[in-house]
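The sequence and the structure come first.

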Amino acid sequence: MSAIVGFMVVLVSFLGSVKSARFDELYQPSWALDHIIYEGDLLKLKLDNSSGAGFQSKSKYLFGKVSIQIKLVEGDSAGTVTAFYMSSEGPYHNEFDFEFLGNTTGEPYLIQTNIYVNGVGNREQRLGLWFDPTKDFHSYAILWNQHQVVFLVDETPIRLHTNMENKGISFPKDQPMGVYSSIWNADDWATQGGRVKTDWSHAPFIASYKGFEIDACECPVSVAADDNAKKCSSSNGEKKYWWDEPTVAELNVHQSHQLLWVKANHMVYDYCSDTARFPATPAECLHHRH
């Protein structure tokens, strides 16, 4: 009997779409194929003065976790942006962004995160890292369920966006998202507000990737939003998805402490405290616990 119970536990734990795979099983190039380099399990995106490059997931997903390991551009990366993000489509799209803002040699990389809900963004946060992201691969992940969106760096939460629909605040929960990454020139704003431009004598600028993981609910694009929401939740009692478990409905005590540490020691900009841009504090900032 115990063996059967054990099998059922494993089955329940892995219901959904568990994927840890090669690049070409989950993703495909989306533009500038001649600027994408394959080296065994590694994938590299190249930026030069002719083009950047990008790739996207073959499927769209609603809830779960996406993770990727990136080694960012070494040396002088000023003006460049490497992005890893999830996004739906259309004018009222939802989007979760990691943007890595390059800098001059010796200056720290900054991570900018942003969240769009129903087509509205302007929720930027920027922070430095507690390591040099150009020297080795590090994991960047987005956890998404009906309760929260969590941005993670090496499994340390750096940003939390909770569901506050009970306060009348919209939450992204019904639009399947694709997963994307790209590198491009953004020297009009990326480095010190655009004051430092891209030095093309240092090109090509290369971001390297491995560890492609998507553990999420795969959604056919043609299916209605309500049907996807039902398919990807455990509410009907027949399915048990890990992202609906109480253990991931909110941060645990250790994760909450980690997030507070990140904010206290590494955050350099938070839209919630930018009174010049937002004289009236954004509604979600008033209610957010972190």
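Of the 290 residues in the protein, 51% are buried, meaning under 20% relative accessible area with a 1.4 Å probe and protein chains only, where exposed is over 50% and partly exposed lies in between. The model is predicted, so local features need pLDDT of at least 70 and side-chain atom pairs count only at pLDDT 80 or more, while totals for chains, interfaces and linings use all residues. Residues are numbered from 1 along each chain as its sequence is written, and side-chain values use heavy atoms, without hydrogens and water.

The protein has five helices and 16 strands; these are DSSP runs numbered from the N terminus, helices being H or I with at least four residues and strands E with at least two.

A search of the whole structure finds two disulfides, each a pair of cysteine sulfur atoms within 2.5 Å.

| Disulfide | S to S distance |
|---|---|
| C217 to C232 | 2.1 Å |
| C272 to C285 | 1.9 Å |

C217 lies in strand β15 (residues 205-219) and C232 in the loop between α3 (225-231) and α4 (253-266), 15 residues apart. Both C217 and C232 are buried. Their S-S torsion is about -75 degrees, so this disulfide is left-handed.

The link of C272 and C285 is also left-handed, with -75 degrees about the S-S bond. C272 sits in the loop between β16 (267-270) and α5 (283-287) and C285 in helix α5, so the pair ties together parts 13 residues apart in sequence. C272 is partly exposed at 25% relative accessibility, whereas C285 is buried at 14%.
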